[in-house]
2 protein chains.
Amino acid sequence: MSYTYETDGAAIYAQSFAMIRAEADLARFAPEEEPIAVRMVHASGMVGLEQHVRMSPDFATAARAALIAGAPILCDARMVSEGVTRTRLPADNQVICTLHDASVPDRAKAMSNTRSAAALELWRPHLGGALVAIGNAPTALFHLLNMLEDPDCPRPAAIIGCPVGFVGARESKDALWADQPVPCCIVQGRLGGSAITVAAINAIASRAE
Amino acid sequence: MSYTYETDGAAIYAQSFAMIRAEADLARFAPEEEPIAVRMVHASGMVGLEQHVRMSPDFATAARAALIAGAPILCDARMVSEGVTRTRLPADNQVICTLHDASVPDRAKAMSNTRSAAALELWRPHLGGALVAIGNAPTALFHLLNMLEDPDCPRPAAIIGCPVGFVGARESKDALWADQPVPCCIVQGRLGGSAITVAAINAIASRAE
C-alpha cells in the first residue's frame, strides 16, 4: 500500500486543533467560547471563519447548562441530528429532528411555507429549555423568531442559528442577532451549515478534545 | 409575526442559483459539470469555492451513467448518506454508509486505523460500478486509494473525494487527483465536507434545479 498517513483519530484531532489555534484569531473569545469557535473552524476547514462567529455573552454557559440538565437538542435537518456525537452528550440527551414527520408536507402547504419551517410546529412540546440547532434552512430560523414573538410559546435555553446560503441566510441570522430572544450563536453572512452547527453542539456537549 | 421572507422553496433555489451564476467564475466548466459546481457553491455558501473544484473530463458523465444504471452510492459518513435527496435518484439507488456497522470498532483496532477507514472494508461487495462519496474523513480516502492498488479490488464508476480539514484532507485529495484510479471530483485544499459532497451527488442524480 503506497500511502502512509496519520491513522490515529485522537492524534488527527490534536494536530488539527493545534493548527487552528496557531493560525486563527481567537483572542476575542472567552475561555468557555474558544473551544466552540475552534470546532466550528475545524468543521469548515477554513481559518477565518472565526471572524464571522458571534456568541451572546451567556450563550456558552446557558447552552452547556441546558445539556447537563438533560435538555433535548432540536435540529432542523437530519444532517445536523445525525452529526451529533452521542457519546459526548452529558445526559443521554434526546436529539430530535421533525423534518420527516408524516404531517409535515400537509402542514407546509397549509402554512404556505417550506417543510423546514413547518416542521418547527412539532417542536412546541419540546421547546421549553431546549438547545435549538438550525444549520440548514433560513426559513426555519425566521419561523422560529416569529413563533417566539408569541409570549405563550415556550423559550429554548439557547439557539445555534447557522443556516447557510444565498437567500435569507444572512437576513435570518441578522434578525436573530438583533432580537436575541434567548442566548444565541450565529455565523454572520452566507457561511454556516450543518457541519459547523454540529461542531458547535459537540463542543458544548463535552469539553474533551 | 414580524418577519416576512421568501417561503417558496422553489423560488429560494432559483434565486440562489441565479446569484451564484452571476457571481461565480464558472466559465471553465463543461455544460454537464456546471450544475454540479453550482450546487457545490450553493452548499458551501461561498462564491470562490468553484476555483478549488476539479473534475476529471469524464467524471460527470461516468457518475451520472452509474446512477442511471442503478449503482449504489457509498458514503463515508451518515451526514453524507442522510443528505442525499432520495426523490432525485434516477433508479431508487441504494445509499450505503457502513460506518456504524457493529464490526467496525474491532476492524479499526485490528487495522490500527480510524473507524472511517475500517468501514470501507465493508464496501467491497458493493464497490464495483458504485458512486463513491467521501465527504468527511481523509483516512477513508487514503484507505480507498490503497485498496484500489490491489488489481483484484472492484473499481467504482466514479469517486467524489471531498474530505475536509487540516490533517490529511489536502494530501488525500492531491493523491486521488494524481492517481485518478477512476473518474473523480475533488475540492483542492482544506475545504470540503459532507454538505458539498451531498450537493455534488444531488446534482449528478437529477438535472432538475
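A salt bridge is a side-chain nitrogen of Lys or Arg within 4 Å of a carboxyl oxygen of Asp or Glu. With that in mind, the structure holds twelve salt bridges over all chains.

Before you click around, some ground rules. This is a predicted model, in which local features need pLDDT of at least 70 and side-chain atom pairs count only at pLDDT 80 or more, while totals for chains, interfaces and linings use all residues. Residues are numbered from 1 along each chain as its sequence is written, chains are lettered from A and ligands numbered from 1 in the order in which they are written, and side-chain values use heavy atoms, with hydrogens and water left out.

**Stop 1: chain A, coloured by confidence.** The pLDDT (the predictor's confidence in each residue, from 0 to 100) has a mean of 97 in chain A, and 100% of its residues reach 70 or more. The model scores ipTM 0.96 and pTM 0.97.

**Stop 2: the interface.** Select the 44 residues of chain B in contact with 44 residues of chain A (contact means heavy atoms within 4.5 Å). The copies meet through the same surface, because 100% of the interface residues of chain B are also interface residues in chain A. Between the two chains, count 18 residue pairs in polar contact, both at pLDDT 80 or more (N or O atoms within 3.5 Å; within protein, one able to donate a hydrogen and the other to accept it, with residues adjacent in sequence counting only if both atoms are side-chain atoms).

**Stop 3: the bridges across.** Four salt bridges run between chain B and chain A. Select B:Arg78 and A:Glu82, whose side chains meet in one of 2.9 Å, N to O. Now try A:Arg78 and B:Glu82, also joined by a salt bridge of 2.9 Å, N to O. A:Arg78 lies in helix H4 (residues 78-81) of chain A and B:Glu82 in the loop between H4 and strand S3 (95-97) of chain B, so the pair joins two chains. Helices (H or I, at least four residues) and strands (E, at least two) are DSSP runs, numbered from the N terminus.
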